[in-house]
Amino acid sequence: MPRPLPPTETTVAATTWRNWLCFAFIASLALSVYKVYRPSTINNDGLLYLSTAQTFIEQGFKAAFAQFNWPAFPMLIGLTHQAFGISYEHAAYGINALLLALLSVGFMLLYREVTAGQGRPWVAAAVILASPQLTDYRSFIVRDIGYWALGLWAVLCFTRYCRRHRWSDALAWQACIAAAIAFRIEGAALAALLPIYCLLQGERRGTAWLKANSLFLLGAAILAALLATGAMPAPTNARLEQLQHFLSLPRISAEFAAKAEVIARHAQTFYAPQDIGPLLAGGVFSLLLYKIASCLGLAYASLLLWALWRERVQLFRQPAVIWYAAAITAIPLLAFAVSDLFISGRYMGLLVVLLSLPAAQSAEFLLFGNGPVLLRPRWAAVLALVLAVMLLDAFIKTGPTKRYLRKAGDWARDHLPATISLCSDDPSVPYYAGHGRPAGGCSALESLERNEAGQYGAFMVKIGRKDQEKRDRLQALLDRRGDWAIAAKFSNQVGDAVYIVMPAPPRP
């Protein structure tokens, strides 16, 4: 019997990539499960999404839309809860774990695409699985993860389309970015601007641009026809208005000038007035760079800088589209920074993942150069140690936890009637007490001081470890009134605490 021929190099490479893709998918799910089931509490945005999901299932789309006006993620949570019979909380965590696993696979496929199949899959897997940005948000219930994952897959499909100009890739890119927009409206910037890349590359540029926008143009034509015939009323949505507000150049210019004028009034002793504009612009841009470095982490930021500094590092075989996509992703972030002088770390996810691609290629070049043999085994040991420390730092936390909030809610659920009204400084306490997410904010200590005790049966006063003044106010109030007392106290290891204040028992 003749011996079978050995597999070709292409087959071996494809099999290797397939195995590592499966590993990354499973490993990402495992990391998410570990993070979720560690003692923790639900973030405040997560409480809003869970409440909206429940509203969607019980009262329908209109009620959910009135509660939160970009409800795709809460609706997905509600449908998952209904389909599988699991809690809303577990449905949300399951969706985000699956999205992060898909993001990990998409990152590896994009790395393979931009390195023309020459990159090593285990390098891409190690970089994305150890990413501090992903690790920090694995235990959060946030819609941003859907935007990161689907936005990355959109860039992957668009990169493939730029190389092959196939209809399947054009349609896939548009479907992915449309799904990403359902999670965060900032995806509209990619949808509008990324296809312009087609006009800058190759032949038949107009045709390539039309194919890359085919679904968008078809949808716009149908929408225009419906609006023109009166078959559909003009849509209004605060999120769309917010996007238009953020990206309005006249508005950005006016706000920038107003902020510069405020700074000039306070700093004219130290700076010439004409220098305030450049000073503010430099500060906004520096804020964005700082957030990029902070979310990348020291190791990845160093690899990225090293790759940019050394011209002999061949970052990509097809680099321009990745840098162009990263630049587009940064536009809404700069708009946020100009408007609020603040950028949340979770807004940075897609940009950080895109910039992790050259960081991964930099790490691979550091180890192998341009050849197939490991050239620097000592650097391999150093990078392995750095990745291990990053994972340990992310998954073995020794700092203060918020578990005490969950314990306070569990105590209230077990010891207080279900019909009692609660006033809590932190919305997670009523949630764990079985009261859902409060519709409005309630300041427990201030309500007690205003003698609003008749409206509530219990007050959950949250006091930080350094807020001695609030702790003294609470004690003085209880000493003065005498008809309310601390029924229970829950705290963490550093002194952050929740005091459950209830009517004092009658004195004998």
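**Ground rules.** This is a predicted model, where local features need pLDDT of at least 70, side-chain atom pairs count only at pLDDT 80 or more, and totals for chains, interfaces and linings use all residues. Residues are numbered from 1 along each chain as its sequence is written, and side-chain values use heavy atoms, with hydrogens and water left out.

**Whole chain.** I looked up the helices and strands first: the protein chain has 23 helices and four strands. Both are DSSP runs numbered from the N terminus, helices being H or I with at least four residues and strands E with at least two. How much of the chain is buried? I found that 46% of its 508 residues count as buried. Buried means under 20% relative accessible area, exposed means over 50%, and partly exposed is in between (1.4 Å probe, protein chains only). Next came contacts, meaning heavy atoms within 4.5 Å. Of the contacts with a separation of 6 or more, 69% are between residues 24 or more positions apart.

**Cores.** A nonpolar core is a set of buried Ala, Val, Leu, Ile, Met, Phe, Trp, Tyr and Cys residues joined through side-chain atoms within 4.5 Å. I noted that the largest one has 102 residues, and that Ile77, Phe107, Leu110, Phe158, Met348 and Leu354 have the most contacts inside it. Helix α5 (residues 88-114) gives the most to this core, with 15 residues. I then checked Leu110: beyond its neighbours within four places in sequence, its contacts include Leu152, Val155, Ile322 and Leu354. Another core of 17 residues lies apart from the largest one, with Trp411 and Phe490 among its members.

**α2 and α4.** Helix α2 (residues 44-59) packs against helix α4 (residues 72-84) at an angle of about 60°, and their axes are 8 Å apart. The axes are lines fitted to C-alpha atoms, for helices over the stretch in contact, and angles run from 0 to 180 degrees between N-to-C directions. That makes α2 oblique to α4. For the cut-offs, I wrote down under 35 degrees as roughly parallel, over 145 as roughly antiparallel, 65 to 115 as roughly perpendicular and the rest as oblique. The contact includes Tyr49 and Phe56 of α2 and Phe73 and Ile77 of α4.

**α6 and α18.** Here helix α6 (residues 121-129) and helix α18 (residues 349-368) pack at about 130°, with axes 9 Å apart. α6 and α18 are therefore oblique to each other. Among the residues that meet are Trp122 and Val127 in α6 and Val353 and Phe368 in α18.

**Single residues.** Where is Leu477? I found Leu477 in helix α23 (residues 468-481), buried at a relative accessible area of 3%. Not counting residues up to four places away in sequence, Leu477 touches Leu445, Leu448 and Glu449. The C-alpha atoms of Leu477 and Leu448 are 8.2 Å apart, though 29 residues separate them along the chain.

Ser139 sits in the loop between α7 (132-136) and α8, and is buried with a relative accessible area of 12%. Leaving out residues up to four places away in sequence, Ser139 touches Lys35, Val36 and Tyr93.

Last, I looked at His165, in the loop between α8 (144-164) and α9 (167-183). His165 has a positive phi of about 55° although it is not a glycine, and is partly exposed at 34% relative accessible area.
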